[in-house]
Structure formats: C-alpha cells, structure tokens
Amino acid sequence: MSHHRSPESLNYQHLCASSQCDCGITRRDWLRIAALSGAAATPLLRAGDARAQSFKGDDVPVRIGYLPITDATPLLVAHGRQLFEAEGLRTEKPRLFRSWAQIVEAFIAGQVNVVHLLSPTTLWVRYGSKFPAKVVAWNHVNGSALTVANEINAVGDLGGKTVAIPFWYSIHNIVLQQILRAEGLTPVSKPRSAALGAKEVNLVVLAPAEMVSALAAKSVAGYIVAEPFNAAAENLKIGKVLRFIGDVWKNHACCLVTLAERDVAERPEWAQRVTNALVKAQLWTRNNQLDTAKLLASTGEGKYTPHGLPVLSKVLAASDYAGYEQAGVVKHKGWYQRRIDFQPYPYPSYTEELVRALRATQVEGDAAFLQQLDPAFAARDLVDDRFVKAALAQVGGLAAFGAPAAFTRTETIAV
C-alpha cells in the first residue's frame, strides 16, 4: 500500500492499535446495553419520560440520533431540506453517534426521539429490553455488503479468519451467518487469542466507523456493514465487495424509523408529521441521488457525515449496481435493484421472517425472548403503519417508489 494518503482516505485511516481494534471495547459496550432491561433501565426510562413531559402537545422538537452511514439518509435529508419545518415541527441539530450501543442508550434515555435502528435491534429493544419502542416506517432498503480483503476471492476463503459485524442484532449478522453456513462454515464468537478451526469464522463486533481501518490493518479479513464503508474500502483499494446483502434478501429493510411509544400514543399528530417529512425525504432522495450525496458529504453545508462526495456518489448512483451484475458479484440479476434504495412501507411479511431468521442466528447475551415471540404478533405489535400509509397517500402511494400498490409481499431470500 502506498504511503501517500488522499484527503478521502484521511476519514478512515485512523489505524488503531490491535488492542483498540479488539472486540473487548465493543463487548463491554454491548454488555452495558444488554443490561438495560427491567430495573436497570428505570433511570433512563424516567429521564426519557421527564424530557417528553417537559413539552406540551406537539411542541416537542425533533431530536434525531444517527450513525454516519447512508442508512440515515432520510433523516438527514428531511433535516437538511427543512421538511420537518414544512410540516410545522421544530428541530434540533441531528446528533451523530459512533456505535449502535450508544444510539440505543440515548434513545431509551430520551436524549433523541427520532432514530434509525437496525431492524433486528428494534425487536431486541421492544421485547428484549422491554423499552416501548414503535416502528413507524422503513428508513431504506438494501445498502449493505460483505467487504473482504483483496486476497479473499470466495466465501470459503474466510474459514479460519475473523469478520466484523456492526451489532449482534443486525440484518448483517443474520445474513452473514446464512452465507457462511451455506458454504459449510461455522460462525463462532471467540476471543481474538483463541485458535480457530479451518471451517470456523470468528465474528467480532466493531463500530462501523472502525471497520475500514481494521481491514487496512489486517486485524479482520472482512466486514459486513452498511454503506458507505464498503464503497470506502473499494475507493481506497484495500478491499472489495464479495456480496451485496440485497442480493441475498431481496429489498430487505436494514434500518427502521423508530419512535418511543409514548410519542406515538400521546402525540399522534407529531408522529404523523415526522413520518410525512421522512416519506417525502425518501422520495426526493430516489430522484435526486447526486444532490443527496452532496448534502450528506463532509463538504456539504450540513457536514452530516465524514464521508467525501466520491464515496457517497458511488453508493447512491443507481447505475453503479449494473457494473457488479456484469462482473458477477451480483448473482440475482433479475432482481433489478439499486445498491441502496428507499421505500418506507414496513411489510408485515418482513417482520415475521425477521423473527424466524433471528431465532436461527447466533447472538451474544440472553436471547430467550425470541423463542417466545410469535412472528405474526411482532409484525402487529412492533409496527404501527397508520402514519406511513397516510404519508404515502399524500405522494402517490407505493407506486411513487416503483413498488406494487398492495401493502403485502412475499419475502425472497436466496443465498
């Protein structure tokens, strides 16, 4: 690798010492979050209730919490284009977090009240930690990939190596384990010092912002995560996309728009206005891809992310995906997808399949709640689709997003 670093690379090349890249830091983070249930969560819940009650009616400001990934696009576009204000809402400057553990903790404490959470994380938050969260819309579809070191040419090459995931309760962890098992590999969670069998792949949790540096430092053989960290590795020539997650689970929802149930129940008009703004932001994004990249870039007026325009443009440009189809990286050419796309309706079939898939996925911590969770119940109880249906009606329905008009679909998963 050349010692010359472009301005783009400076966003990622904060190469950690091996102890900092180890999963010990994020493991402690996870254990802290995993403990947030029952009595342990009471102080945070009380703090959140107090914050919510300090505002009258719908006067509560929109306080966005996000990670610097393209999953956050609708929230940031709605803020940057003042779509919340157009709905009569007040906003605060969006708050950037480095890890999913941090954003979950801030959400439970009420420090932020509009967040994008990994779809399996919403299940854990509501049924594992028992925090009353509600999903009101999908935030985006696809937009993730398995990126590996340049010398890795097939999934089988990951045997005996370490791969980073962003969170145990993530679509990334679910799909990665499906991919590994299909190749006869066994996902495990072992200390870095432990020996690995030839058919074992060690999974470690890393914050998305640390993954590119970990790959460059050779402390992991690959990672599976949201964009633009896959595109960043490509642009820096330190890794390549081995598989897009949307090429395994067609048009899956990676992140979901999540509100506290108290806001949905006590401020339904506020929740409706928030959802209206986000649906309009998604529609604008689909039709203004380059302008979206400019808005999110580190050089943009809002400086919402640390990413440069080239890497964001690579993700958001619809034409880019066709090149991967031609190169054979994409295996299901007939699915006609974008690298990342936007469609806000939360199909019940997805939530149901998500529960079933998560049951078959290795996660750390107490996952006993999953065995008692009925998929159809979760689809009804976790998701409140009243607001997104009303918001869609204002913009021409699902057809405006290139989707069939029916609010049902069949999940397509093909490893």
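Q: So buried means under 20% relative accessible area, exposed over 50% and partly exposed in between, with a 1.4 Å probe and protein chains only. Which residues of S12 point one way, and which the other way?

A: Cys255, Val257 and Leu259 point one way, while Leu256, Thr258 and Ala260 point the other way, and all are buried. This is a predicted model, where local features need pLDDT of at least 70, side-chain atom pairs count only at 80 or more, and totals for chains, interfaces and linings use all residues. Residues are numbered from 1 along each chain as its sequence is written, and side-chain values use heavy atoms, leaving out hydrogens and water.

Q: How many residues of S12 are buried, then?

A: Six of the six residues of strand S12 (residues 255–260) are buried, so S12 is largely enclosed by the rest of the structure.

Q: What sheet does S12 sit in?

A: S12 is part of an open sheet of five strands, in the order S2-S1-S3-S12-S4, with mixed pairing. Strands (E, at least two residues) and helices (H or I, at least four) are DSSP runs, numbered from the N terminus.

Q: Which strands stand at the edges?

A: Those are strand S2 (95–96) and strand S4 (133–138). Each has a single partner strand, so one side of each is left without a neighbour in the sheet.

Q: How does S12 run against S3, parallel or antiparallel?

A: Strand S3 (residues 114–118) and S12 run antiparallel, joined by four bridges. Two strands pair if DSSP finds at least two bridges between them. To find this pairing on screen, look for His116, which stands opposite Val257 in S12.

Q: And how many bridges to S4?

A: Five bridges join S4 to S12, and these two strands are antiparallel. Here Lys134 stands opposite Leu259 in S12.

Q: What about S1 and S2, parallel or antiparallel?

A: Strand S1 (residues 64–66) pairs with S2 in the parallel sense, over two bridges. Look for Tyr66, which stands opposite Leu96 in S2.

Q: New topic! Are the faces of S7 covered or uncovered?

A: Both faces of strand S7 (residues 162–165) are covered. Thr162 and Ala164 are on one side, Val163 and Ile165 are on the other, and these residues are all buried.

Q: Which residues does Ala164 stand opposite?

A: Ala164 stands opposite Val204 in S9, and also opposite Tyr223 in S10. S7 pairs in the parallel sense with strand S9 (residues 200–205) over four bridges. Strand S10 (residues 222–226) also runs parallel to S7, and two bridges join them.

Q: Okay, helices now. How far does H12 reach?

A: Helix H12 (residues 268–287) has 20 residues and reaches 29 Å from its first C-alpha to its last. That is close to the 28 Å expected at 1.5 Å a residue, where the expected span is 1.5 Å times one less than the number of residues.

Q: Is H12 mostly covered or mostly open?

A: H12 is mostly covered, with 15 of its 20 residues buried. Thr275 is found in this helix, and Thr275 is buried, with a relative accessible area of 1%.

Q: What does Thr275 touch?

A: Not counting residues up to four places away in sequence, Thr275 touches Val136, Phe387, Val388 and Ala391. A contact means heavy atoms within 4.5 Å.

Q: Last one: what does the whole chain look like?

A: The protein chain has 19 helices and 13 strands. Of its 415 residues, 60% count as buried. Among contacts between residues at least 6 apart in sequence, 79% join residues at least 24 apart.
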